[in-house]
Amino acid sequence: MRLYSPLAVLALAVVLGACTGTSQTSGQGGPAEPAPEPTDKASSVAEYETFDPSAYDARPPERTVGVTHQVPDRLLQGRADEGVQQTVEGFRVQVFSARDKQAAQDFQVKVRQWWENHKAEAPTSVLGEEPPIVVQYSQPYYRVRMGAFAGRDAAEEALAFVRSAYPNAFISRGTVTVTR
């Protein structure tokens, strides 16, 4: 049989005695505290407050806030895309085509002069103040085209005006730069 030292037996007794003792901590069991009884009458601040602020003339200061910013007015008014140039697949009115580059450039000058003389009668909502009059090369022809339209309806309105001077004019598709 094996004997243990008295010191080890004493330490074991102390540990076991500490673990099995009664608990004196609160909130770990036992009966629950009774809930406060509901009152029918709502308490008001006047029952316990004695300060009367009406004797003091204290008002918050008037505040005027001036906002300075660098945001353009058109953005604040919801017109962010106004004046923005965009390249789209659109339409132009073709008035002339030739194999000779010089003939196309001469005709471009002629169309520009015609425009200067007749722009007062033109539908400016469609053609604007100065519509582009361009010479575009697509083998084997140089083509003189006028305007830049995102939609076909606008191109047809411009075509009706241009046909008064150039009856063989027609609408052609192409890449155009339009201003919104």
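Which residues make a nonpolar surface patch of about 330 Å²? The views below start there. This is a predicted model, in which local features need pLDDT of at least 70, side-chain atom pairs count only at pLDDT 80 or more, and totals for chains, interfaces and linings use all residues. Residues are numbered from 1 along each chain as its sequence is written, and side-chain values use heavy atoms, with hydrogens and water left out.

**View 1. L7, L10 and V14 make the nonpolar surface patch.** Patches are built from residues with over 30% relative accessible area and no salt bridge, nonpolar side chains (Val, Leu, Ile, Met, Phe, Trp, Tyr) being joined within 5 Å and like charges within 9 Å. Areas come from the Shrake-Rupley method with a 1.4 Å probe, and for residues only the protein chains shown count as cover. V14 belongs to helix α1 (residues 6-19); helices (H or I, at least four residues) and strands (E, at least two) are DSSP runs, numbered from the N terminus. V14 is exposed at 52% relative accessible area, where exposed means over 50%, buried under 20%, and partly exposed in between.

**View 2. The largest nonpolar core has 24 residues.** Such a core is a set of buried Ala, Val, Leu, Ile, Met, Phe, Trp, Tyr and Cys residues joined through side-chain atoms within 4.5 Å. Among those with the most contacts inside it are W115, F149 and Y166. Two or more residues each come from β1 (85-98), α3 (101-118), α4 (124-127), β3 (141-149) and α5 (152-162). Leaving out residues up to four places away in sequence, F149 touches partners including F91, L127 and V178; contact means heavy atoms within 4.5 Å.

**View 3. Helix α5 buries A155, A158, L159, F161 and V162.** These buried residues fall within an arc of 160 degrees seen down the helix axis, so they line one face of α5; the arc is taken from the directions from the axis to the C-beta atoms. The face turned away from the buried side carries exposed D153 and A160.

**View 4. K119 forms salt bridges with E116 and with E130.** A salt bridge is a side-chain nitrogen of Lys or Arg within 4 Å of a carboxyl oxygen of Asp or Glu. The closest N and O atoms are 3.4 Å apart for E116 and K119, and 3.1 Å apart for E130 and K119. E130 lies in the loop between α4 and β2 and K119 in the loop between α3 and α4, so this pair ties together parts eleven residues apart in sequence.

**View 5. A cis peptide bond joins Q139 and P140.** Its omega is about 5 degrees, and P140 sits in the loop between β2 (133-138) and β3.

Note on methods:
Buried means under 20% relative accessible area, exposed over 50%, partly exposed in between (1.4 Å probe, protein chains only).
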